[in-house]
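Here are a few friendly notes to read alongside the model. They move from the overall chain to the cores, the sheets and then the rings.

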Amino acid sequence: MAWLVVRLAISVSLLYTASAVFEDQVGKFDWRQQFIGKVRFALFDTHSQASKKLLVATDKNVFASLNSRTGDLFWRHVDKIGPEGHIDALLMYGQDAVVVTGNGRLLRSWETTVGGLKWETVLDTGSFQAAALVGVQDFVKYVAVLKKSAISLHDLSSGSQIWVENLPDSDTVQYQTIYSGGNGLVFVFGVVPNSHIVIVEYKIEDGEIMRKKSVEAAWMSSLESSCTVISSGILLCVDQITQSLYTLQLQSAEQTEIRQIHLQTLDLEVASGFQPVLTSTQPNPAQPPLSEFFLQLSPDHHILLQLKDGLIAPLRDFNPSYLAAFATSGERTVAAVMSPKNDTACSINLFSADTGRRHLDTTIIYHMDPNGGKPNRLYVHAFLKKDDSVGYRVMVQTEDLTLTFLQQPGRVVWVREEALADVVTMEMVDLPFTGTQAELEGEFGKKAAIQDGLLPMVLKRLSSQFILLQAWLAHLWKLFYDARKPRSSVKNEVTIDTLSRDEFNLQKMMVMVTASGKLFGIDSKSGTILWKQYLENIQPDSVFKLIVQRTTAHFPHPPQCTLLIKNKDTGLGNLYVFNPIFGKKSQISVPALPRPVLQTLLLPVIDQDYAKVLLLIDDQYKVTAFPSTKNVLQQLQDTASSIFFYLVDSSQGKLSGFRLRKDLSTELIWEVVIPTEVQKIVAIKGKRANEHVHSQGRVMGDRSVLYKYLNPNLLAVITESTDTHQERSFVGIFLIDGVTGRIVHEAVQRKARGPVHFVHSENWMVYVYWNSKFRRNEFSVLELFEGAELYNSTVFSSLDRPHPPQVLQQSYIFPAPISTLEATLTEKGITSRHLLVGLPSGNILSLPKMFLDPRRPEVVSEQSREENLIPYAPEMPIREEWFINYNQTVSRIRGIHTAPSGLESTCLVVAYGLDIYQTRVFPSKQFDVLKDDYDYVLISSVLFGLFFATMISKRLAEVKLLNRAWR
Amino acid sequence: MATMRVLSLILSVLSSVTLLWTQSGECNNGRRSGEAVDTDFSGFSVPLEHSFEVDDVPRFSLRGVLQFRGGREHGVYLAQNQLSEKDRNTLKDVAAVDGLYRIRVPRVSLQADRQTERQAEGYLTTFVRACSLVESHLSDVITLHTDVSGCVVGVSIVTIPGSCRGIEVEDEVDLEVFNTTISVVAPVTAPVPETAPYIERMEQEMEKKGKNPQEQKSFFAKYWYLILGGAVFLMATSSAQTPPGGAREQS
């Protein structure tokens, strides 16, 4: 019987927390965007004229097919992270795409229409050098893979290995490239730097070495960047130091001398310090390449050259020109060249490759985004028009990883912002009020208004009422106007001008910072990119910290965000201040930071413009305030003795606390040293500043209250043991007060290993670790309580809280690996909390905090039932309906950002990784919102009906009374 | 000056001692680890220093000596000096300007096999507001936290009560002797998921179920009367509905 009750209790509690999306709610308040990353290889499917496929392989180890008409993904394959999934080469022939991954570990062939794997071969070990398609008698049949010490040939239709041969003298010769011209031979080029070139010739049928020759080339250091094969088997190299081109006939046995052609004889010169680049084209792998090639002499100078009868002649000089590329359609090969037009635009023109003549009416104007980067890659898709002329489309990749697809005469077909595949940090900012709302706000908000006197106040009031009336009429007119139009043509697009806060503040501005240094402002409701800003000269491994200094609440002051960009190696940082709604750089003068920044601190102190004060602590423990007006400095002096901050030096295991002095210097006040020989600090987290806790305690079964230990200064420090043996490894958890340095709690999770993910909030902390003994993931929850009595219920001070808190802890098995962990956040903290667990499968699990409660009893009692505690079960359940993103998985989920909305029940969630997913969650269901299918008609008709019924019955009763009185 | 004092000359006050491997109190299932810390050394001592200056520049002087006892349970005693008149006055002055009272201990390891390299360079420092120390009449609680290997990683000091209300401490005697509670706290072993008791409990439930024949009955066996009743009721209602149709036919 008791068991039944328990089960009932569980099922009731589950019913309470169960939250899943209904089918008709899909996509209503959530959206997902999929990305691929920085494109390394892109190939257009030229197999058929009508093909829309664009195959791309990226630095995020993604291999995908894009629809070249819309920019959408046809399919996408996400490989392993790191060098294991690195895509080395992408080759395409007909319907097949051949990909070499993992530094030459795997050779795969994909069917390009649906993205199915045709075959996969595991290659021999050895670092990958090059791969090429090999054709025999006009048919491409094989693919050759060159490793450091071996070459192998594989059948293109089955992947089976035809032969593999060791390369001669591979310990001294660096073999780098491979070439086949369709004449039954495969050439392998190697180089001994500053000595000679080695050319080995293999027979395709059996891998027999036909010929091996070495040619003196003392000037050569690397083949890959400076050599190419043109015409019918002529190796062409360029060297910057000797300012020469070199040619070598591959198939003639006689020529063992490389021919030198001085660039001077062609009236050319390579810009100093620039490594010249040769670009040739081989339209069909079964046939030799063309005899025309591009030579890039400086970053903005290309020249089209031709080799004819052993002589090199310039066909056309492109000066200035940023990018150049060949493209082939049918029998015709063209060259597209991008040249600067003016400051904001470039023009792309098409030239015929064999003559260098310009095709008429082929100009595409490419407008450069003033907030973007320079173009750095050009991919051309040429096709034959009906009148047999060559048409083309281009895809331009810029430094800020924007892919723009253009067609004649400069129409942008689509744009993809691939920088968003690597979001580092983000914030959600409230949208501003509309003009009318702001007007009202302005009327009551300004302090000056009080001094205005009565009459001006009345006038002001009337004027603002008038404005409201006007706005309302305009709104009505718009409704009326829209109603007459067919529904489809009513546009509801979000633009930066129509941005305004909605009734419940559910729509926010997502400010996203990406690793490439591009900032985005995205509308959270639709996912539309409203502004973007590329910050140039960002080091590739910079650390970003985004701080909201002023929210939208202080009209007429614009909201203000500050981005601290810090160089990982030097620690030197600089600040970028901008308006998060419009993305415009702020005109506020920013303090120079000549010394490395160790720590930042956002104070609740505000200046006269309502911007919160940001303190930056440098490596000499000097403090810089931003903004640093007189007012701020005065306030800082007054409150200096209550401003504390902490620093962490994980290399020495040192945590130290400092206090601010009146002269903005600091003094060391506490020090905790965790010896690095035993354990190292891996992570440290405080609590979120915008978190509200509604209840101070928990009501127990016997109606007494257990008070929470709500220390806002508490830091959770996670350490991992240096000993990684599975029996001796451990994870350490320190809860340290950030003001006094007091270790509030210290626990050791034995036989545990990282990576540790954790959430620190309210009076609890949840962490996930790997149990190395049982080989499973485990959750552990720590809760801190003051006990049955509060020491000081009015205010919390770290300096005056002498009694240590009671710590409760419980652990659970979690039957899945974890990528990231975050907790929901709501406006007032009344709603129950959920944990959002990002799984490597791409799902986001919304796990009720109720399941992670250290007070879950082992044996059910009357009191625990009263308290609604779920009996302890060692395994944490995973229910499919708890996945908040149903089938919209987020690849390689790296972080989850939660933000409160204006509705207490609703929390906004953004998950980012390779993809971005935005949704809303309702941890305690939508208790403050009417359901979507709420029957307004019924309830109002019942109300009206009752109203009229009472009216009529009242009348009838009166008549009856009157009649009775007459009787 | 405080530094000129000689330890042997002063009256040592042995203050209270206790509490090791601190009870994690109400911690639900914080089972203590059985890992024994096998130590058999005969104790050692380190200085406990304090500093309280009106100009807030720390100048540490000796407050007492921490004596560690070896063995499985780290015992610690604190032998400390009385405050001199001058110190008392300084402390009151510091309290008046809301200065800090700091203490520090050197980084030491309490583990036996580390005796040779017991003392790492550097100190662990912490502080308490001087006024709260004065107002609590020098009653403080000092806690030394060690890591798993027995190395002291942090020190904390609190006074009881911890507040500063601005109460004047008139009696000089109240500020002479420290009333200190000192303890060493080692990390608590965090609990692991408890599968064994859970399985045991489940088995017990199953057993109980097996014993109770009522529970073992099938659904039909248990509720046959309800099903039968329902079926009869359904039949009755359906047969009751047919007459009107029949009646209409007759008419």
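1. Accessible areas here come from the Shrake-Rupley method with a 1.4 Å probe. On that basis chain A exposes about 44700 Å², and carbon and sulfur atoms supply 54% of this area. Please keep in mind as you read that this is a predicted model.

2. A word on chain A as a whole. Its C-alpha atoms fill a box of roughly 130 × 75 × 70 Å along the principal axes. The chain has seven helices and 62 strands. Of its 967 residues, 53% are buried. Taking contacts in chain A between residues at least 6 apart in sequence, 50% join residues at least 24 apart.

3. Which residues have the most contacts inside the largest nonpolar core? They are A:Met395, A:Met510, A:Met512 and A:Ile916, in a core of 36 residues. Several strands of chain A supply at least two residues each to this core, including β2 (39-44), β3 (53-58), β4 (62-67), β32 (402-407) and β61 (907-912). As general background, nonpolar side chains tend to be buried together in soluble globular proteins.

4. A:Met395 deserves a look of its own. Setting aside neighbours within four places in sequence, A:Met395 is in contact with A:Ala42, A:Phe44 and A:Leu54, and also with A:Arg377, A:Leu378 and A:Tyr379.

5. Next, a sheet in chain A. Four strands form an open sheet in the order β34-β35-β36-β37, with antiparallel pairing. The edge strands are β34 and β37 (529-534) of chain A, each of which pairs on one side only. From one strand to the next, the twist averages 15°. Seven bridges join β34(A) to β35(A), and A:Thr425 stands opposite A:Val513 in β35(A).

6. Strand β5 (residues 100-106) of chain B runs antiparallel to β6(B), and seven bridges join the two. Within this pairing, B:Val105 has B:Leu124 in β6(B) as its bridge partner.

7. Now the rings. A search of the whole structure finds 27 aromatic pairs over all chains. One of these is the edge-to-face pair of A:Phe779 and A:Phe814, at 5.0 Å centre to centre with 90° between the planes. The pair links distant parts of the chain, since A:Phe779 belongs to strand β55 (residues 776-787) of chain A and A:Phe814 to strand β56 (residues 806-814) of chain A, 35 residues apart. Both A:Phe779 and A:Phe814 are buried.

8. A:Tyr934 has a relative accessible area of 32%, so it counts as partly exposed. Finally, A:Phe294, A:Phe318, A:Phe326 and A:Phe351 form one aromatic cluster.

Definitions and conventions. Residues are numbered from 1 along each chain as its sequence is written. Chains are lettered from A and ligands numbered from 1 in the order in which they are written. This is a predicted model: local features need pLDDT of at least 70, side-chain atom pairs count only at pLDDT 80 or more; totals for chains, interfaces and linings use all residues. Side-chain values use heavy atoms; hydrogens and water are left out. A nonpolar core is a set of buried Ala, Val, Leu, Ile, Met, Phe, Trp, Tyr and Cys residues joined through side-chain atoms within 4.5 Å. Buried means under 20% relative accessible area, exposed over 50%, partly exposed in between (1.4 Å probe, protein chains only). Contact means heavy atoms within 4.5 Å. Two strands pair if DSSP finds at least two bridges between them. Axes are lines fitted to C-alpha atoms, for helices over the stretch in contact, and angles run from 0 to 180 degrees between N-to-C directions. Rings of Phe, Tyr and Trp (its six-membered ring) pair if their centres lie within 6.5 Å; planes under 30 degrees apart count as stacked, over 60 as edge-to-face and the rest as tilted.
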